[in-house]
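Trainee: Could you take me through the charged pairs in this model, one by one? I'd like to see where each partner sits in the fold.

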Amino acid sequence: MPKDLRFEDLAERHHIDPHQLQGYANAAKVRLEAHHSPPVAFEVASKGETAVYQVKWTPVDDKLRRSYNNADDAKRDGAYVMAFAAVEDLEGLVSIARAETKTGADYYVAPVGTNPEDLESAFRLEVSGTDGTPAEVRQRLKEKQEQTRKGTGAEPAIAAVVGFKTKLILVERA
């Protein structure tokens, strides 16, 4: 039985505003439902290994669909929570802060139990979402890894790309 990739209840464990996390989860649900019905099996690949996760979500209604109708924004925002959930399960890291512009990342993540005010043990996390093919997801991962290398942040970095249509999440250190 595959593990669940839980993205709708991150506020219980992550140190990001719960309303923001809910908005990201709503965006993910809209993008997932653009291609699939719950539950669906996602492949999560990291460090040369692939695992299958079950992704479940509360179905969306027309109001939610209209609220997240901009596919580009919804892919970006929905990818945040999917990546947070994957990095939490794979690495034991939770989101603690939004990253500044030009750091080469979107968020900071740190080990569970870390003081969110302390970035000493934090990683930069660069995230992207796409409806592209598996090859496009892999190419996007390379681009995001390069983006983290060029950023001003000194912390080690992780790149994650969520393929909503292809049911694929790639997570790699940069």
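Mentor: Happy to! Let's start with Glu146, which counts as partly exposed because its relative accessibility is 33%; on this scale, buried means under 20% relative accessible area, exposed means over 50%, and partly exposed is in between (1.4 Å probe, protein chains only). Please keep in mind that this is a predicted model, in which local features need pLDDT of at least 70 and side-chain atom pairs count only at pLDDT 80 or more, while totals for chains, interfaces and linings use all residues. Residues are numbered from 1 along each chain as its sequence is written, and side-chain values use heavy atoms, with hydrogens and water left out.

Glu146 forms a salt bridge with Arg149, with 3.2 Å between the closest N and O atoms. The term salt bridge here means a side-chain nitrogen of Lys or Arg within 4 Å of a carboxyl oxygen of Asp or Glu. Glu146 and Arg149 are about one helical turn apart, because three residues separate them in helix H4. Helices (H or I, at least four residues) and strands (E, at least two) are DSSP runs, numbered from the N terminus. Elsewhere, salt bridges with shared partners join Arg6, Asp9, Arg13 and Glu88 into one network.

Why can such pairs form? Side chains of opposite charge can pair when their charged atoms come close.

The side chain of Asp131 meets that of Arg31 in a salt bridge, at 2.4 Å from N to O. This pair links distant parts of the chain, 100 residues apart: Arg31 is in helix H1, and Asp131 is in the loop between strand E6 (123-130) and helix H4 (134-150). Arg31 counts as buried because its relative accessibility is 10%.

Asp131 also meets the side chain of Lys75 in a salt bridge, at 3.9 Å from N to O. Lys75 lies in helix H3 (residues 71-91) and Asp131 in the loop between E6 and H4, so this pair ties together parts that are 56 residues apart in sequence. Lys75 counts as buried too, because its relative accessibility is 15%.

Ala25 counts as buried because its relative accessibility is 1%. Beyond its neighbours within four places in sequence, Ala25 is in contact (heavy atoms within 4.5 Å) with Phe7, Glu8 and Val81.
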